Amino acid sequence: MSKRVEYIFPTEWESILKRIDEIDPVKYARSRNFIDGDVTYLSPYISRGVISVKMIKDIIFKRGYKLYEIEKFIQELAWREYWQRIWQSKGDQILSDLKQIQPDFVHRKLPVAVINHQTRIDAIDKYIEQLYEQGYMHNHVRMYLASIVCNIAKSHWLLPARWLYYNLLDGDIASNHLSWQWTCGSASSKKYYCDQANISKYTGSNQQRSFLANDYEILAEMDIPDILKETTVPDLTTILPETAELKIDTTIQTCVYNSYNLDPLWRKDENVNRVLLLEPSHFIKYPVNEKVIEFILQLSKNIPGIIIFKGEFKELELLYNGKKDQIIFKEHPAFVHYKGICDSRDWLAPNTTGDFNSFFSFWKKAEKEFKLD
Ligand SMILES: Cc1cc2nc3c(=O)[nH]c(=O)nc-3n(C[C@H](O)[C@H](O)[C@H](O)COP(=O)(O)OP(=O)(O)OC[C@H]3O[C@@H](n4cnc5c(N)ncnc54)[C@H](O)[C@@H]3O)c2cc1C
């Protein structure tokens with residue numbers, strides 16, 4: 001049996017700040033790959049735009065560490081930014097094979113054994129079950145899962161990525177879809193494989209025998225194991241809360257919040273309407289389950305006076321009768337159809353923009369910006 005770590009994500013602002021205070025970047029570097037390592041569990045708050053990677057970096061830098069002591073931690077924060085920059089630069093292209101068609105995929109479905117957590121890889125089954133209960137999965141387990149689904153069961157990455165995203169409180173299309181693409185070789189030069197020994201080591205499992213207990217050369221050539229042969233297309237539908245007709249004071253501006261912007265500090269002291277806009281069209285494109293919606297609604301309680309509205313941006317726009325610059329929002333590649341005043345997000349490296357061939361070419365440039373801090 002592998003170790004069990006509980007994943008709990010409180011939604012009150014003070015608890016989130018406490019979680020940032022508890023980061024130990026030095027221990028993090030040593031242990032992050034292990035299931036019970038000192039990771040931060042901050043991704044649900046970063047993905048939902050409650051806090052930013054820049055805010056975390058600033059707090060850590062103020063503690064007086066030397067850059068080399070915390071480099072690994074800052075580098076991981078930078079991975080988030082790297083994927084976001086690719087999304088910004090490539091737009092909807094990240095929803096299909098980015099650099100090359102995924103090598104060797106044979107179908108566009110998901111193995112039933114994965115959905116039912118019955119792959120017979122103990123750690124994977126356990127953490128898929130926990131994903132359904134708690135909405136989170138450790139980074140290494142996400143990599144193993146993607147590798148098993150795409151490279152062993154030979155699914156095309158897109159449907160499985162949508163399924164994982166559907167179940168994650170920290171769902172971020174850029175980090176998610178691009179990590180799947182990196183694992184299956186459609187956005188990287190080679191596929192990522194994991195074997196049973198690797199999984200057992202990092203998840204604290206004592207399992208030794210399984211279809212993954214083979215050399216990497218054999219795993220790369222092997223037929224799809226019987227247990228992964230039955231496939232299906234899961235139903236991924238979002239159920240949004242019913243809300244009242246939108247009523248706002250149109251003599252003042254409106255700040256628009258959404259599932260990627262729930263920042264309680266944003267324009268905090270301004271006299272504006274604050275609307276959490278849940279667009280059905282967004283959730284058709286990027287479906288999430290009811291636990292994720294509930295998490296978003298709970299996080300929005302940190303924003304005083306917020307009105308929750310299920311509807312499209314156009315409906316909000318109409319209330320202003322064509323008056324310009326009344327709607328304010330934060331830039332985000334999922335919401336390029338918004339019109340009005342566009343605020344920038346907070347970035348680790350505001351001038352390191354555009355497309356980069358690899359994380360390390362991004363990092364080389366981004367890092368210079370921190371050194372200037
Ligand atoms: C197949 C796959 C799918 C993924 N899908 C998502 C997703 O939908 N949403 C999401 O937030 N992350 C995703 N990740 C990245 C990573 O798994 C999570 O960000 C991380 O596990 C979150 O836990 P944490 O906050 O404790 O991370 P920590 O290890 O404590 O890291 C701190 C922060 O650094 C950033 N970070 C760390 N590792 C990565 C990484 N590999 N890629 C990008 N950013 C990183 C995150 O913002 C994270 O919150 C995915 C990774 C894989 C392999």
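Leaving aside neighbours within four places in sequence, Gln207 is in contact with Asp122, Gln196 and Ser200; two residues are in contact if their C-beta atoms, placed from the backbone, lie within 7 Å. The model is predicted: local features need pLDDT of at least 70, side-chain atom pairs count only at pLDDT 80 or more, and totals for chains, interfaces and linings use all residues. Residues are numbered from 1 along each chain as its sequence is written.

Gln207 belongs to the loop between α11 (196-203) and α12 (216-221). Helices (H or I, at least four residues) and strands (E, at least two) are DSSP runs, numbered from the N terminus. Gln207 is partly exposed, with 19 other C-beta atoms within 10 Å. On this scale a residue is buried if 20 or more other C-beta atoms lie within 10 Å of its own, exposed if 12 or fewer, and partly exposed in between, with C-beta atoms placed from the backbone. From Gln207 to Leu240 there are 33 residues in sequence and 41 Å in space, C-alpha to C-alpha.

## Helix α10

Helix α10 covers residues 173-184, 12 residues in total. From its first C-alpha to its last it reaches 16 Å, close to the 16 Å expected at 1.5 Å a residue; the expected span is 1.5 Å times one less than the number of residues. Gly185 follows α10 and has a positive phi, near 90°.

Because 12 of the 12 residues of α10 are buried, the helix is largely enclosed by the rest of the structure. Among these buried residues are Ile173, Asn176, His177, Trp180, Trp182 and Cys184. The buried residues of α10 pack against α5 (67-90), α8 (139-152) and α9 (158-167).

## Packing of α5 on α10

The axes of α5 and α10 are 8 Å apart, and the two helices pack at an angle of about 90°. Axes are lines fitted to C-alpha atoms, for helices over the stretch in contact, and angles run from 0 to 180 degrees between N-to-C directions. α5 and α10 are therefore roughly perpendicular to each other; angles under 35 degrees count as roughly parallel, over 145 as roughly antiparallel, 65 to 115 as roughly perpendicular and the rest as oblique.

On the α5 side, the contact is made by Arg80, Trp83, Gln84, Ile86 and Trp87, and on the α10 side by Ile173, Ala174, Ser175 and Leu178. By class, this contact of α5 with α10 has 6 nonpolar, 2 polar and 1 charged residues. Ala, Val, Leu, Ile, Met, Phe, Trp, Tyr, Cys and Pro count as nonpolar, Asp, Glu, Lys and Arg as charged, and the others, Gly among them, as polar.

## The shell around the ligand

The ligand is surrounded by 28 residues, the closest being Thr40, Ser43, Asn139, Asn176 and Ser179. A residue is near a molecule if its C-beta atom, placed from the backbone, lies within 6 Å of it. The shell divides into 13 nonpolar, 9 polar and 6 charged residues.

At least two residues of the shell come from each of α3 (43-47), α5, α8 and α10. α5 gives the most, with 5 residues. Asn176, one of the closest residues to the ligand, is also one of the buried residues of α10.

Arg142 lies in helix α8. Arg142 is buried, with 20 other C-beta atoms within 10 Å. Apart from its neighbours within four places in sequence, Arg142 is in contact with Met137 and Ser179; Ser179 is among the residues closest to the ligand. Arg142 and Ala213 are 71 residues apart in sequence and 19 Å apart in space, C-alpha to C-alpha.

Val149 is also placed in α8. It counts as buried, with 27 C-beta neighbours inside 10 Å. Not counting residues up to four places away in sequence, Val149 touches Leu110, Pro111, Val114, Ser155 and Pro160. The C-alpha atoms of Val149 and Leu228 are separated by 8.5 Å, although the two residues are 79 apart along the chain. In α9, the buried residues are Pro160, Ala161, Arg162, Leu164, Tyr165 and Asn167. They pack against β1 (110-111), α7 (122-134), α8 and α10.

## Positive phi in loops

Asp104, a residue other than glycine, has a positive phi near 65°. Asp104 sits in the loop between α5 and β1 and is exposed, with 12 other C-beta atoms within 10 Å.

Asn321 has a positive phi near 50°, again in a residue other than glycine. Its place is in the loop between α15 (313-319) and β6 (327-330). With 8 C-beta neighbours inside 10 Å, Asn321 counts as exposed.
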